[in-house]
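Welcome! Here are some exercises to work through with the sequence and the structure side by side. Try each task before you read its solution.

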Amino acid sequence: MFTLARRRVRTAALALSAVAALVLSATTATSAAGASAAPAPAKQGPTSVAYIEVNNNSMLNVGKYTLADGGGNAFDVAVIFAANINYDTASKTAYLHFNENVQRVLDNAATQIRPLQQKGIKVLLSVLGNHQGAGFANFPSQQTASAFAEQLSDTVAEYGLDGVDFDDEYAEYGNNGTAQPNDSSFVHLVTALRANMPDKVISLYNIGPAATRLSYGGVDISGTFDYAWNPYYGTWQVPGIALPKAQLSPAAVEIGRTSQNTAAGLARRTVDEGYGVYLTYNLDGSDRSADVSAFTRELYGSEAVYTP
């Protein structure tokens, strides 16, 4: 993940945000048995996303923030950061890998994932390169791409997740004798994944070779994604993908590092320009209500309340 130091009217933005909410609810199937998600108190405004570095922080942090006005969740989507796409040099195939911290979250879904889902927060699994040459953009065939898609969808089903997030960083294409990116790989992968899980969320962290290879052989996968977001924290950059504004986050902030003034300004611009998603990264276990309130005031007209 990268860190970069750096009113169209509100009613129009809220209308687009309502579209985003409909997309999220329509594309997310019921979680695993036992989740029985209760609807969160209603709120209007963009979908807010929180990436959690589970090597250091708890997924449960996402559920500790509510809006002072109405009690709705401050965050709508929590992303487990991150699983990896690894490479088996013996079989020359890519495979899905979980480090011990990601595996711990998944194995303890009843206490780490279900509590968020019961609050109405969707939980996605981010998948990231791991310096081994395997990535989303260099599957050599439709068959190999589909095999990896099956690993992803099986994981979503097994652990009762709400979807998958693609982050094409750190693959280091070419390592271990792997191929360079090709035009068909990511199209085959995302097409197969959507076929496997038609009602789940698929999101794009808009970076890397995969993000620039969204069409092949007359197939354009842009509309397959539920969301796409800017990967550069502290900045405004509209993702270069053909999705409605309601499904895009040009704003990206790192909580605790992006200044509150910048976070507020990016949130205000999100509303003013009619975008439907607001991306945050690295929510830790401290009381970050001041940082979170900086953007919730602009997105939802309310302070954020932290409950340990």
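## Exercise 1: A loop residue

M59 is found in the loop that joins β2 (47–53) and β3 (65–67). Keep in mind as you work that this is a predicted model.

**Task.** Decide whether M59 is buried or exposed.

**Solution.** 
- Start with the cut-off: a residue is buried when its relative accessible area is under 20%.
- M59 has a relative accessibility of 1%, so it counts as buried.
- Next, look at what surrounds M59. Setting aside neighbours within four places in sequence, its contacts are I52, V54, A78, V79, I80, V105, Q112, L116 and V123.
- Finally, compare chain and space: M59 and G285 are 226 residues apart along the chain, and 9.4 Å separates their C-alpha atoms.

## Exercise 2: Checking a helix

**Task.** Work out what span helix α6 (residues 185–196) should have, and compare it with the distance between its end C-alpha atoms.

**Solution.** 
- The expected span is 1.5 Å times one less than the number of residues.

## Exercise 3: Into the core

**Task.** Find which residues touch the most other members of the largest nonpolar core.

**Solution.** 
- This core has 77 residues, and those touching the most other members are F75, I80, F166, F186, L189 and F225.
- Take L189 as a case: beyond neighbours within four places in sequence, it is in contact with F136, F139, A145, F148, A149, L152 and F166.
- Another core, of 18 residues, lies apart from the largest one; Y51, V79, Y205 and Y281 are among its members.

## Exercise 4: A pocket and its lining

**Task.** Describe the second largest pocket, whose volume is about 240 Å³.

**Solution.** 
- Of its 14 lining residues, Y87, K92, T93, A94 and P140 are the closest to the centre.
- β5 (93–97) and α5 each supply at least two lining residues, and α5 gives the most, with four.
- Sorted by class, the lining has eight nonpolar, five polar and one charged residues.

How values were computed:
Residues are numbered from 1 along each chain as its sequence is written. This is a predicted model: local features need pLDDT of at least 70, side-chain atom pairs count only at pLDDT 80 or more; totals for chains, interfaces and linings use all residues. Side-chain values use heavy atoms; hydrogens and water are left out. A nonpolar core is a set of buried Ala, Val, Leu, Ile, Met, Phe, Trp, Tyr and Cys residues joined through side-chain atoms within 4.5 Å. Buried means under 20% relative accessible area, exposed over 50%, partly exposed in between (1.4 Å probe, protein chains only). Contact means heavy atoms within 4.5 Å. On a 1 Å grid over the protein atoms alone, a cavity is a set of points where a 1.4 Å probe fits but cannot get out, and a pocket is an open set with protein on both sides within 12 Å along at least five of seven lines; lining residues have an atom within 4 Å of a point. Grid points are joined across faces, edges and corners, and a volume is the space filled by probe spheres set on the points. Ala, Val, Leu, Ile, Met, Phe, Trp, Tyr, Cys and Pro count as nonpolar, Asp, Glu, Lys and Arg as charged, and the others, Gly among them, as polar.
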